[in-house]
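Student: I have a model open and want to learn how to read it. Please take me through it feature by feature.

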Amino acid sequence: MDRQPSDRPDGADKVTGRARFAADFNLPGQLIGRVLRSPHAHARVKSIDTTKAEALPGVKAVVTAKDFPEQADLTVPAGEMQVNLRDVTRNIMAREKVLYEGHAVAAVAAATDAIAKQALSLIKIDYQILPHVIDVGEAMRPDAPVLHDHLMTDGAKPPATKASNIAKRIEFAKGDIAAGFAKAEIVIERDYTTQAVHQGYIEPHAALASASEDGQVQVWSTTQGHFQVRGFCAACSTSRLRRSA
């Protein structure tokens, strides 16, 4: 049976710019959200003062990690990988510490983008700056600054007795490796490094949400795993938003 090529039904709209993504939609009465991010790669969050931001006219809500419920130390499927719900909630909003430059620490929702930006400038955060490393090899050293105090290396031999930056040790082996090396004419040992890469999307990152009086929420998200986003949003949702008067 001959297979005839067919055009993608969404192809023309995407290459001509007619396709509409989350960033292209606007809803009646829409608020604008802005996120305050950490300027530090590793720091303890000692305190967050949002009172001035909440009092700014036009600000409708301010959120920090306190507005998100604690999640269980539970690993769940996430597409091609797995994630820990405890880590998910801390990545959404820094809790005890910020773990990278740009880590979200607070967010505001306001009537306009200008008000939202001004509100961010009024949030005061007291950081205790901690040492950090950005090299994989340095991060695995025994004396490296530890990001997660609860993380014990799974699969370590002997079992780990203190926290480290190594999440898990996995070893694959087949046959007699020592005998294979002994028979080899030449053995080459080298270290290889490469940069992280990711595919380039034509859709800009954006999120749009609509919450109704009966508690239902609709979310437009830039994702290919919509059911997982729905599950994570449900698990991490809360109604304890601090609203301005």
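Student: Is Arg90 buried or exposed?

Tutor: Buried means under 20% relative accessible area, exposed means over 50%, and partly exposed lies in between (1.4 Å probe, protein chains only). Arg90 has 8% relative accessibility, so Arg90 counts as buried. One caution: this is a predicted model, where local features need pLDDT of at least 70, side-chain atom pairs count only at pLDDT 80 or more, and totals for chains, interfaces and linings use all residues. Residues are numbered from 1 along each chain as its sequence is written, and side-chain values use heavy atoms, with hydrogens and water left out.

Student: Which residue forms a salt bridge with Arg90?

Tutor: A salt bridge is a side-chain nitrogen of Lys or Arg within 4 Å of a carboxyl oxygen of Asp or Glu. For Arg90 the partner is Glu96, with the closest N and O atoms 2.8 Å apart. Glu96 is partly exposed, at a relative accessible area of 37%.

Student: How many salt bridges does the structure hold?

Tutor: There are 10. One of them joins the side chains of Arg34 and Asp113, at 2.7 Å from N to O. That pair links distant parts of the chain: Arg34 is in strand 1 (residues 32-37), Asp113 is in helix 4 (residues 113-122), and they lie 79 residues apart. Helices (H or I, at least four residues) and strands (E, at least two) are DSSP runs, numbered from the N terminus. Both partners are partly exposed: Arg34 has a relative accessible area of 32%, and Asp113 has 28%. Another salt bridge pairs Glu138 with Arg141, with the closest N and O atoms 3.8 Å apart. Glu138 is partly exposed at 39%, and so is Arg141 at 43%. Elsewhere, salt bridges that share partners join Arg8, Asp10 and Lys14 into one network.

Student: Which residues of helix 4 are buried?

Tutor: They are Ile115, Ala116, Ala119 and Leu120. Seen down the axis of helix 4, they fall within an arc of 140 degrees, so they line one face of the helix. The arc is taken from the directions from the helix axis to the C-beta atoms.

Student: What do those buried residues pack against?

Tutor: They pack against strand 1, helix 2 (51-55), strand 3 and strand 7. Contact here means heavy atoms within 4.5 Å.

Student: Now the strands. How do I read a pairing?

Tutor: Strands of a sheet pair through backbone hydrogen bonds, either parallel or antiparallel. Two strands count as paired if DSSP finds at least two bridges between them. Strand 3 (residues 59-63) and strand 7 (residues 104-110) run antiparallel, joined by 4 bridges. Val62 has Val108 in strand 7 as its bridge partner. Strand 3 is mostly covered, with 4 of its 5 residues buried.

Student: In what order do the strands of the open sheet run?

Tutor: The order is 6-2-8, with antiparallel pairing of the 3 strands. Strand 6 (97-98) and strand 8 (124-129) stand at the edges with a single partner strand each, so one side of each is left without a neighbour in the sheet. Strand 2 (residues 43-49) and strand 8 are joined by 6 bridges. Ile48 stands opposite Ile125 in strand 8.

Student: Where is Val187?

Tutor: Val187 sits in the loop between helix 6 (177-183) and strand 9 (207-211). Val187 is partly exposed, at 40% relative accessible area.
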